Amino acid sequence: MAGFDASTTWAVYLRSDKFPVVQGQTYRLAVDTYIESGAPVMIIYFYDVNGTQLTSVTDGYYGTPSERWTSIYLEAVAPEGAVSAAVMPHSNGVGTCSAYFDDFRIEQIVGPVANAGFEKPLVSGKSQNWTQVFSTTGI
């Protein structure tokens, strides 16, 4: 998808279809972007069961490397009552912008792995709560 905006007073907006979300969960938008000039903005909108917008999270990518493909990211927590979301890249309307967007991805972020037990003392020279699989020495 290409976004070209030669105006300093208007912006180019493109919004995705809505997709399901779970309230309280964190989502990460990842987009491969090639910025020729300007600073694109990404927005994640959250909606309730009636399609009413609850909130949005926005970030501009000023200083993002230009004239090469790079991934940009935006994270947001789905607010209480959210059942769907949509993403929208836009050209920000403050300056001009020329950018290409490819491979939009939205991922639900599952928190860190619960404490894996590495801090526990070794028992008979081995880590607790772990099973040795391949070698007869080591862990």
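This briefing describes the fold, strand pairing and nonpolar cores of the protein shown above. The structure is a predicted model, in which local features need pLDDT of at least 70, side-chain atom pairs count only at pLDDT 80 or more, and totals for chains, interfaces and linings use all residues. Residues are numbered from 1 along each chain as its sequence is written, and side-chain values use heavy atoms, with hydrogens and water left out.

**Overall make-up**

- The secondary structure comes to 0 helices and 8 strands, where helices (H or I, at least four residues) and strands (E, at least two) are DSSP runs numbered from the N terminus.
- Buried residues, meaning those under 20% relative accessible area with a 1.4 Å probe and protein chains only (exposed is over 50%, partly exposed in between), make up 31% of the 139 residues in the protein.
- Among contacts (heavy atoms within 4.5 Å) with a separation of 6 or more, 78% are accounted for by residues 24 or more positions apart.
- The accessible surface, calculated by the Shrake-Rupley method with a 1.4 Å probe, comes to about 8600 Å², and 54% of this belongs to carbon and sulfur atoms.

**Strand pairing around E3**

- Strand E3 (residues 26-37) pairs with strand E6 (residues 69-77) in the antiparallel sense over 9 bridges, pairing being assigned if DSSP finds at least two bridges between two strands; within this pair, Arg28 has Glu75 in E6 as its bridge partner.
- E3 also pairs in the antiparallel sense with strand E8 (residues 97-109), over 10 bridges, and here Tyr34 stands opposite Tyr100 in E8.

**Nonpolar cores**

- A nonpolar core is a set of buried Ala, Val, Leu, Ile, Met, Phe, Trp, Tyr and Cys residues joined through side-chain atoms within 4.5 Å.
- The largest such core has 19 residues, of which Val21, Leu29, Met42, Ile44 and Phe46 touch the most other members.
- E3, strand E4 (41-47), E6, strand E7 (84-90) and E8 each supply at least two residues of this core, and E3 gives the most, with 4 residues.
- Another core, of 6 residues, lies apart from it and includes Val41, Ile43, Tyr47 and Ala86.
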